[in-house]
Amino acid sequence: MKRTRKAAAAALLIAAASFLYGCGKGQGSTSKNSPETSEKTADDTALTIGFAQVGEESDWRRANSESILNAFTAENGYNLLFEDAQNDPDVQMASVQKFIQEGVDYIVLEPIIETGWDPILKEVKEAGIPVIVADRNVAVSDDSLVTAWVGSDWLLEGAKACEWLNEYCRKHDIPPTSLKIVNIQGTIGSSPQIGRDAALRMGAGKYGWKMLGTSKGEFTQAKGREAMDDLIGRFPDLNVVYCDNDNEAYGAIEALEEAGKTIGTDLENGEVMLISFDAARQGLSYVKEGKIACDVECNPDHGPRIRELIGKLERGETVEKEQAVSEQIFARTDEIESVTVSDQEYPVVPVTDELLAERTY
Ligand code: AHR
């Protein structure tokens, strides 16, 4: 498919390639094709994709960026303009604005937060550029602003973790009222924070758990550690830490150990239990060691899915408007074989050395 936008974008890319290649992150639309392959930007059969990434906050995010980079190569027929917003929503909106000016063929947006997108996405629509939203969601007043979304079911992820915790307590005769839970929250207003934390509040209401308080971990190890220090200071008798992602859990583990707490699942004997999300390799090795009790997967491999969606759109085929990927739930053992959410049963996968060896991120 040939578009006038594409020819303009190709010319712009050729002019910009030598200037932009090698620029630091967040300093411009960096073409991720190599200098040699940037010649291919002259090929007006190649599709130009503007990709607005969140940042580099976590293991998950790095795996996600790799997945996009591997899917949208020059060899596969793409010019990828990769913008890293470094977790700043204003920077991310400016990236999208830039993609409009550059006349890209598609915008792939992984939004930092859900709100504030209406005005800029209206401009994108007026420019006739399809928008694929991936990973997190946007909350817009008109869903024709988004061509398709592929990502995770955040509420379901949280519900799986809560059902696992409830099953664990039931099996070990731990009274629900003895749970004293703190929540290290991801970036406030992001879909994973909204969904996973809503599930926790629902679980606490349903089972009668005590919610002590929250602190902001921004999905990073450093902030996770700070948040954990803060929570230990405010709630010294906490016994469950619900981390909104693995990197926060890594930081929480450091802080708990430094504070002399024992991490594990023996709540009756004063151990502190950690629940986490992502199931990155490091997170899963902590599960195997017994430092994370339950880790619910968040799948970062969106590159091939988005490429498939774009391929279908290019062929004029109808695409699914919303696609939530399937994700697993991991624990150290299979003493809890499965959890049930909304009448659907999900097996709990025990973490083995083989599983860790195969984990790619
Ligand atoms: O949007 C995906 C979430 O954000 C992942 O849980 C987390 O690690 C990431 O930073």
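This is a predicted model: local features need pLDDT of at least 70, side-chain atom pairs count only at pLDDT 80 or more; totals for chains, interfaces and linings use all residues.
Residues are numbered from 1 along each chain as its sequence is written, and side-chain values use heavy atoms, with hydrogens and water left out.

The protein chain has eleven helices and 15 strands, these being DSSP runs numbered from the N terminus, with helices (H or I) of at least four residues and strands (E) of at least two. Of the 361 residues in the chain, 56% are buried. The accessible surface amounts to about 15,000 Å², and carbon and sulfur atoms account for 48% of that surface; the areas come from the Shrake-Rupley method with a 1.4 Å probe, and for residues only the protein chains shown count as cover. Among contacts (heavy atoms within 4.5 Å) between residues at least 6 apart in sequence, 72% join residues at least 24 apart.

Ala 279 is placed in the loop between strand S10 (273-278) and helix H9 (281-289), and has a positive phi of about 60° although it is not a glycine. A positive phi, of about 45°, is also found at Ser 342, likewise not a glycine, in the loop between strand S14 (338-341) and strand S15 (344-350). Ser 342, however, is exposed, with a relative accessible area of 70%.

Helix H2 (residues 59-71) packs against helix H10 (residues 303-314) at an angle of about 40°, with the axes 7 Å apart; axes are lines fitted to C-alpha atoms, for helices over the stretch in contact, and angles run from 0 to 180 degrees between N-to-C directions. The two helices are therefore oblique to each other, given that angles under 35 degrees count as roughly parallel, over 145 as roughly antiparallel, 65 to 115 as roughly perpendicular and the rest as oblique. The contact is made by Ser 67, Ile 68, Asn 70 and Ala 71 of H2 together with Gly 303, Pro 304, Ile 306 and Arg 307 of H10. These residues divide into four nonpolar, three polar and one charged, with Ala, Val, Leu, Ile, Met, Phe, Trp, Tyr, Cys and Pro taken as nonpolar, Asp, Glu, Lys and Arg as charged, and the others, Gly among them, as polar. In the loop between strand S2 (47-53) and H2 lies Ser 58, which counts as buried at 2% relative accessibility and touches Phe 219, Asn 245 and Asn 247, residues up to four places away in sequence not being counted.

Ile 306 of H10 also lies 9.3 Å, C-alpha to C-alpha, from Ala 148, although the two are 158 residues apart along the chain. Ala 148, in strand S6 (residues 148-151), is buried with a relative accessible area of 0%.

A search of the whole structure finds zero disulfides, a disulfide being a pair of cysteine sulfur atoms within 2.5 Å. The sulfur of Cys 162 is 9.3 Å from the closest cysteine sulfur, in Cys 294, and is too far for a bond. Cys 162 is buried, with a relative accessible area of 2%, and Cys 169 is buried at 4%.

Notes. Buried means under 20% relative accessible area, exposed over 50%, partly exposed in between (1.4 Å probe, protein chains only).
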